[in-house]
Amino acid sequence: MSTDQVARNKAAFSRLHHAQSSGDVEVFWLAIQLTGHSPTSWRIQMSDLATIADRTEIEVLRGEHLDATMIGDYDRFASLFTKDAVWRIPFANVELTGWEEIRAGIERMQAAWEFWVQNTHPGTIQLDGDTASGREYIFETGRQRDGRSVVMYGLFHDRYQRTRHGWKFTERVLEPRYLDTTPLTGAPPKGSWDDQ
């Protein structure tokens, strides 16, 4: 095992130990499961620790992407990408390069929605040293301010880079697989369940 691998494994063990000792059981067990081990019976080799940490950090990155969009934190959204990253939605003729374009683009696109909800589902992660690639599956629904409705299933094709600030997107491409523009009859709730 190289000196670099030993250092990465020590750092990974420290992060996992912190997750376990701080009571962040969800992150700890997610990390164990991402290695392919059963959460009830597992044995981790030292060489697995860096893989566990990398996979967990990439899953957290993908979760932050969705959360920042859903709550409108566009500065945080842009910070999830490398300085020269590309975010593309070819179906919508969108290609944004670099933090400024990505930040301005997400704010502009989100302003077009009356309401919008997106859910993601874990896909693949292929690690290759300080780079990785992966896919994440998505479902989104919403109505734009011009009245157009959208129900879409698709996937993100991703490329990631390890930076001194953790894993970041270098490329994120949205590929729709199903699109329905039938007008949505629902709307964001107002009041309580009894008022609906």
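On one side of helix H5, Glu100 and Arg108 are exposed (over 50% relative accessible area; buried is under 20% and partly exposed in between, with a 1.4 Å probe and protein chains only). This is a predicted model, in which local features need pLDDT of at least 70 and side-chain atom pairs count only at pLDDT 80 or more, while totals for chains, interfaces and linings use all residues. Residues are numbered from 1 along each chain as its sequence is written, and side-chain values use heavy atoms, with hydrogens and water left out.

**Helix H5**
- Helices are DSSP runs of H or I with at least four residues, and strands are runs of E with at least two, numbered from the N terminus.
- On the other side from Glu100 and Arg108, the buried residues of H5 are Gly98, Ile102, Gly105, Ile106, Met109 and Gln110.
- Seen down the axis of H5, these buried residues fall within an arc of 120° and so line one face; the arc is that of the directions from the helix axis to the C-beta atoms.

**Aromatic rings**
- The whole structure has seven aromatic pairs (rings of Phe, Tyr and Trp, the last by its six-membered ring, with centres within 6.5 Å; planes under 30 degrees apart are stacked, over 60 edge-to-face, the rest tilted).
- Phenylalanine 77 and phenylalanine 81 are a tilted pair, because their ring centres are 5.5 Å apart and their planes at 50°.
- Phenylalanine 77 is buried at 0% relative accessible area, and phenylalanine 81 is buried at 1%.
- One aromatic cluster is formed by Phe77, Phe81, Trp87, Tyr160 and Phe169.
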